[in-house]
Amino acid sequence: MLKKIKKIYDAVSVLIVIVLVILALLLVGVRLFGIKPFTVLSGSMEPRYHVGSVVYVADVRPEELSVGDALTFSNNGTVITHEIVEIIEADSPENMYFVTKGLTNNITDGRIPVRDIIGKPVFSIPYLGYVAEYFQKPSGLIGVVCAIVILMAVSFILDIFVKDEKDADASEKQSSSSD
C-alpha cells in the first residue's frame, strides 16, 4: 500500500517541480534572451493585453517602430504599455518622440522620448501576471519555500516507511522459507 502512495506522491512531486521550472523560465529565464516580462496591471490595452497577463518585451530600435505598434516605456518610474498613435520624426533616431495611448483611453500619454523606451511587446501570456505578482510578495515566496520543504519532508518520511516495509517483507520471507 505504501509503495503505491509513494509512486503517486513521486509523480505529483515531479509534476510540481516541472511546473515550478516552467514558471521560473517564463518569469526569470527569458531575461537570458534579452526579453523582459512585465505584468499588465490595468485594462487600458484591453482586449490586446488583458489585466493579469504578462507581456514579454524585447529591445527595439526606434526606426523599427510604426504607428499601431505596442510600445513599453517608463513614465516617471511606472512601466506602461500603450499603442503608438503618432511618431514625431527628428534629425536622428535618438531625438524621435512617440505619442502613445491606451486602447481604452481617451487621451494620449504625451510625447515619449526614445530614452524612456523599454522595448516592444513580442507576446503575452494571460493570467500569468497573477502568479508573478504572488511570487513577488513575501507571503508568496515564503509559501513556495514552505511547500518545497514540506515536499522534501514527506518524501523523506515515505522513503523511511517504504524501506521499513521492504525490510519487514524481506525478513518475513526469510523466516517463512527457513521453516
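Q: How do the residues of the lining of the largest pocket divide into nonpolar, polar and charged?
A: The lining holds 20 nonpolar, 7 polar and 2 charged residues. Nonpolar here means Ala, Val, Leu, Ile, Met, Phe, Trp, Tyr, Cys and Pro; Asp, Glu, Lys and Arg count as charged, and the others, Gly among them, as polar. The model is predicted, so local features need pLDDT of at least 70 and side-chain atom pairs pLDDT 80 or more, while totals for chains, interfaces and linings use all residues. Residues are numbered from 1 along each chain as its sequence is written, and side-chain values use heavy atoms, without hydrogens or water.

Q: How much space lies in the largest pocket?
A: The space amounts to about 710 Å³. A pocket is an open set of points on a 1 Å grid over the protein atoms alone, where a 1.4 Å probe fits, with protein on both sides within 12 Å along at least five of seven lines; lining residues have an atom within 4 Å of a point. The volume is the space filled by probe spheres set on the points, which are joined across faces, edges and corners. There are 29 lining residues, and the closest to the centre are Pro-37, Phe-38, Thr-39, Glu-133 and Gln-136.

Q: Which strand gives the largest share of the lining of the largest pocket?
A: S4 does, with 5 residues. Elements that each supply at least two lining residues include helix H1 (2–27) and helix H3 (138–177). Helices (H or I, at least four residues) and strands (E, at least two) are DSSP runs, numbered from the N terminus.

Q: What makes the contact of Glu-83 and Arg-48 a salt bridge?
A: A salt bridge needs a side-chain nitrogen of Lys or Arg within 4 Å of a carboxyl oxygen of Asp or Glu. The N to O distance between Arg-48 and Glu-83 is 2.6 Å, and the pair therefore qualifies. Glu-83 lies in strand S4 and Arg-48 in the loop between S1 and S2, 35 residues apart.

Q: Why is Glu-83 called buried?
A: Buried means under 20% relative accessible area, exposed over 50%, and partly exposed in between (1.4 Å probe, protein chains only). Glu-83 has 18% and is therefore buried, whereas Arg-48, at 33%, is partly exposed.
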